[in-house]
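Here is a short briefing on one protein model. Keep the sequence and the 3D view open as you read.

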Amino acid sequence: MKMKTKDLVLISLFAALMVVGAMIKIPNPLNPAVPITLQLFFAVFAGLLLGARKGLFSMLLYLLLGLVGLPVFSSGSGPGYVLQPTFGYLIGFAVAAWIIGLLVDRMRDIKFVKVFGAAVIGCVAAYIIGNIYFYFIMNLYLGKAMGLVTVFSIMTPYFVKDLVLTAVAASTAVAVIPAVRRSIA
C-alpha cells in the first residue's frame with residue numbers, strides 16, 4: 001500500500017483535528033464521565049473528506065498517539081485508557097470514519113441527503129460501539145451496575161448534539177467533496 005505525501009499530510013491533519021476536538025470540551029454536570037467534545041464531528045469529516053481508508057488511518061493515528069501516552073484524549077492517555085468507559089467511543093470514531101468514507105466513496109452524486117445519511121449511519125455505529133463498551137466497562141470492570149438501556153438514555157443528548165454537527169459537516173462536505181475529487185483526478 002503506497003501513499004503519497006499529500007495523503008500522509010491529510011491523515012496527520014485529521015488526527016490533529018481530533019486532538020483539537022478532544023481539547024474543546026465542556027464538562028457535563030449530569031454525566032461527568034463523558035465531557036461534551038467535537039471529536040465525532042471531526043471523525044465524520046475525516047470519513048467524508050478523506051474516504052474510508054485514509055479516514056480510518058487518521059483515526060487510528062489519533063488512537064495510537066493517545067495510547068502511547070501523548071495527552072490527546074479528552075481525559076488522559078496511555079495504554080490504561082482502554083479501561084476508561086469512554087474508550088469505546090474512540091474506537092467508534094474510527095469505525096464511523098471508515099463506514100462514512102466507504103459509503104461516500106461509492107457515491108457518484110454528492111447530494112446532501114445521501115451524504116447526511118452516510119454520516120448518520122457512521123454516527124449510529126460510533127454510538128452503538130461506544131455505548132456497549134461503556135456498559136461493559138461500567139458493569140464488569142468498575143463494578144457499577146448500569147443497564148444498557150440506561151447507557152443509551154444517558155447518551156441521547158450527546159447523540160442529538162452530534163446529529164446537529166453531522167448536518168453541518170454534511171452540508172459543508174457537499175461543497176468540498178467535488179473539489180477534493182477534482183484535485184485527486
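Val-124 is partly exposed, at 32% relative accessible area. Here buried means under 20% relative accessible area, exposed means over 50%, and partly exposed lies in between (1.4 Å probe, protein chains only). Val-124 sits in helix α5. Helices are DSSP runs (H or I, at least four residues), and strands are runs of E (at least two), numbered from the N terminus.

This is a predicted model: local features need pLDDT of at least 70, side-chain atom pairs count only at pLDDT 80 or more, and totals for chains, interfaces and linings use all residues. Residues are numbered from 1 along each chain as its sequence is written, and side-chain values use heavy atoms, with hydrogens and water left out.

**Surface patch**

- Val-124 belongs to a nonpolar surface patch with Ile-128, Ile-132, Phe-136, Leu-140, Leu-148 and Phe-152.
- Together these residues have about 580 Å² of accessible area.
- Patches are made of residues with over 30% relative accessible area and no salt bridge; like charges are joined within 9 Å, and nonpolar side chains (Val, Leu, Ile, Met, Phe, Trp, Tyr) within 5 Å.
- Accessible areas come from the Shrake-Rupley method with a 1.4 Å probe; for residues, only the protein chains shown count as cover.
- Helices α5 and α6 each supply at least two residues of the nonpolar patch.
- The most comes from α5, with five residues.

**Nonpolar core**

- The largest nonpolar core has 48 residues.
- Such a core is a set of buried Ala, Val, Leu, Ile, Met, Phe, Trp, Tyr and Cys residues joined through side-chain atoms within 4.5 Å.
- Leu-40 and Phe-93 have the most contacts inside this core.
- At least two residues of this core come from each of α1, α2, α3, α4 (87-105), α5 (112-141) and α6 (148-184).
- Its largest share is the ten residues from α2.
- Leaving aside neighbours within four places in sequence, Leu-40 is in contact with Phe-93, Ala-96, Cys-123, Ala-126, Tyr-127 and Asp-162.
- Contact means heavy atoms within 4.5 Å.

**Salt bridges**

- Side chains of opposite charge can pair when their charged atoms come close.
- The structure holds two salt bridges; each needs a side-chain nitrogen of Lys or Arg within 4 Å of a carboxyl oxygen of Asp or Glu.
- One joins Asp-7 to Lys-54, with the closest N and O atoms 3.2 Å apart.
- Asp-7 lies in α1 (residues 5-23) and Lys-54 in α3 (residues 52-67), so this pair ties together parts that are 47 residues apart in sequence.
- Both Asp-7 and Lys-54 are buried.
- Asp-162 forms a salt bridge with Lys-161, and their closest N and O atoms are 2.8 Å apart.
- Asp-162 counts as buried, at 5% relative accessibility.
- Lys-161 is partly exposed, with a relative accessible area of 23%.

**Aromatic pairs**

- A search of the whole structure finds twelve aromatic pairs.
- Rings of Phe, Tyr and Trp (its six-membered ring) pair if their centres lie within 6.5 Å; planes under 30 degrees apart count as stacked, over 60 as edge-to-face and the rest as tilted.
- Phe-41 and Phe-45 form an edge-to-face pair, 5.0 Å centre to centre, with 80° between the planes.
- Phe-41 and Phe-45 are four residues apart in α2 (residues 39-50), so about one helical turn separates them.
- Both Phe-41 and Phe-45 are buried.
- The rings of Phe-73 and Tyr-81 have centres 4.6 Å apart and planes at 35°, so this pair is tilted.
- Phe-73 and Tyr-81 are both buried.
- Ring pairs link Tyr-62, Phe-73, Tyr-81, Phe-87 and Tyr-133 into a cluster.

**Buried loop residues**

- Asn-31 is in the loop between α1 and α2, and counts as buried at 10% relative accessibility.
- Not counting residues up to four places away in sequence, Asn-31 touches Ile-154, Met-155 and Tyr-158.
- Thr-86 is in the loop between α3 and α4, and counts as buried at 14% relative accessibility.
- Thr-86 touches Ala-33, Val-34, Tyr-81 and Phe-134, not counting residues up to four places away in sequence.
- Gly-78 is in the loop between α3 and α4, and counts as buried at 7% relative accessibility.
- Leaving aside neighbours within four places in sequence, Gly-78 is in contact with Gly-66, Leu-67 and Gly-69.
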